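Dear colleague,

Please find below the structure that I am handing over to you. My notes on it follow directly after.

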Amino acid sequence: MSRRRRYLVACLAGHGIGPEVMAEASRALAEVSRLHGFAIDDAHLPFGGEAVTRSGHALPAATRSAYLGADAILVASSSQPALEGVKAGLDLAASVTRMRLRPRGDVTAFAPLVDGAEDWTIERAFTTACERDGRLASVAVSASWRARVELAALDHDGVAVRHLTLAEALPGLLSGDLDVLVTERALAEALAQVPQLAPTMRPLTATGLLSPTGPSLFGPSHGSALDIAGQGVPNPSENLLAALLILGEGLGRRAPAEAVERRVGGALSSGFGTPDMASAGVAATTREFVDVVLSMLPSARRDTEFALGGAL
């Protein structure tokens, strides 16, 4: 991915808590990009219930045209019916899921979405593993998948590869021993259920659907939460995870993505948060929680980035 200085993210907020959490995700992307020497423009497009109110159509033609010209697409919730129409118009080849299963640190899992996308998916996983801690776990049952991973490993000498069965991978996921993994399509659904097994905290999940030819689609796992819409208290954590996926996997800006990851983890570990996650005391509003995360971002920027003038 090229190191451009300006990107465009299409924002599809929809209804429910969508406008509230989208505003905070957009604010986080703007602040992170400013600190790291590039710019992200956001285009907030009519979508879902909001678009029906305005024009009578959940996915207007003008919205389709606009997001197809963006560098990435961010949705505010996973339960918008119009989202299926968005997916249908994109060339989606692989999924990447960010799972927070423990207080600090995330697991990133890749899987192909369609036949023929196996090698492209494996290469994306190797690239991410190389830029994180140099470890990649391959979870599969078929010998052909293992052969594909071993062939790709020849071009990535700096990445240590472990081949695991699903049963072997589960303890490592829950304990934090695994950082980046790639799995064959047949096991993707089983791995998607892993967050529900997290014993110590409410799991947080965000997903990206990756395209080799156009914009990729990113969003949280939660729905529109109509019951708390407009109250200023929805938990924006999964939307921030989706934002860091956009940075790392959508725009190729992995150093800023790691900065967001560390600071979201710090805020969550402190016990401070919105009503659904505050451990004690007065709960924060959605904006107050994001304010805390953003206030910690300057200290998360690495010295190498200062030396290179924000080129990472």
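How much space lies in the largest pocket? The answer is about 660 Å³. On a 1 Å grid over the protein atoms alone, a pocket is an open set of points with protein on both sides within 12 Å along at least five of seven lines, whereas a cavity is a set of points where a 1.4 Å probe fits but cannot get out; lining residues have an atom within 4 Å of a point. Grid points are joined across faces, edges and corners, and a volume is the space filled by probe spheres set on the points.

Please note that this is a predicted model, in which local features need pLDDT of at least 70 and side-chain atom pairs count only at pLDDT 80 or more, while totals for chains, interfaces and linings use all residues. Residues are numbered from 1 along each chain as its sequence is written, and side-chain values use heavy atoms, with hydrogens and water left out.

The largest pocket

Of the 33 residues that line this pocket, Ser-95, Thr-97, Ala-192, Thr-207 and Leu-209 are the closest to its centre. Two or more lining residues come from each of helix 4 (83-88), strand 4 (94-100), strand 5 (107-112), helix 8 (185-192), strand 9 (204-210) and strand 10 (216-220). Helices (H or I, at least four residues) and strands (E, at least two) are DSSP runs, numbered from the N terminus. The pocket lining comprises 17 nonpolar, 12 polar and 4 charged residues. Here Ala, Val, Leu, Ile, Met, Phe, Trp, Tyr, Cys and Pro count as nonpolar, Asp, Glu, Lys and Arg as charged, and the others, Gly among them, as polar.

The cavities

Among the residues lining the largest cavity are Arg-98, Arg-132, Glu-249, Arg-254 and Glu-258. Helix 9 (237-250) and helix 10 (254-269) each give two or more residues to this lining, and helix 9 gives the most, with 4 residues. By class, the lining of the largest cavity has 3 nonpolar, 3 polar and 5 charged residues.

The chain and its strands

The protein chain has 13 helices and 10 strands. Of its 312 residues, 53% are buried (under 20% relative accessible area with a 1.4 Å probe, protein chains only; exposed is over 50%, and partly exposed lies in between). Strand 8 (residues 180-183) is covered on both faces, with Val-180 and Val-182 buried on one side and Leu-181 and Thr-183 buried on the other. Strand 8 runs parallel to strand 5, with 3 bridges joining them, and Ala-109 has Leu-181 as its bridge partner. Strand 6 (residues 135-139) also pairs with strand 8 in the parallel sense over 3 bridges, and there Val-139 stands opposite Thr-183. Two strands pair if DSSP finds at least two bridges between them.

Leu-217 is found in strand 10. Why does Leu-217 count as buried? Leu-217 counts as buried because its relative accessibility is 4%. Beyond its neighbours within four places in sequence, Leu-217 is in contact (heavy atoms within 4.5 Å) with residues including Ile-73, Val-75, Leu-83 and Thr-207.

Confidence

The chain averages a pLDDT (the predictor's confidence in each residue, from 0 to 100) of 86. Confidence is highest in strand 3 (residues 72-75), at a mean of 98, and lowest in helix 13 (residues 303-307), at 41.

With kind regards
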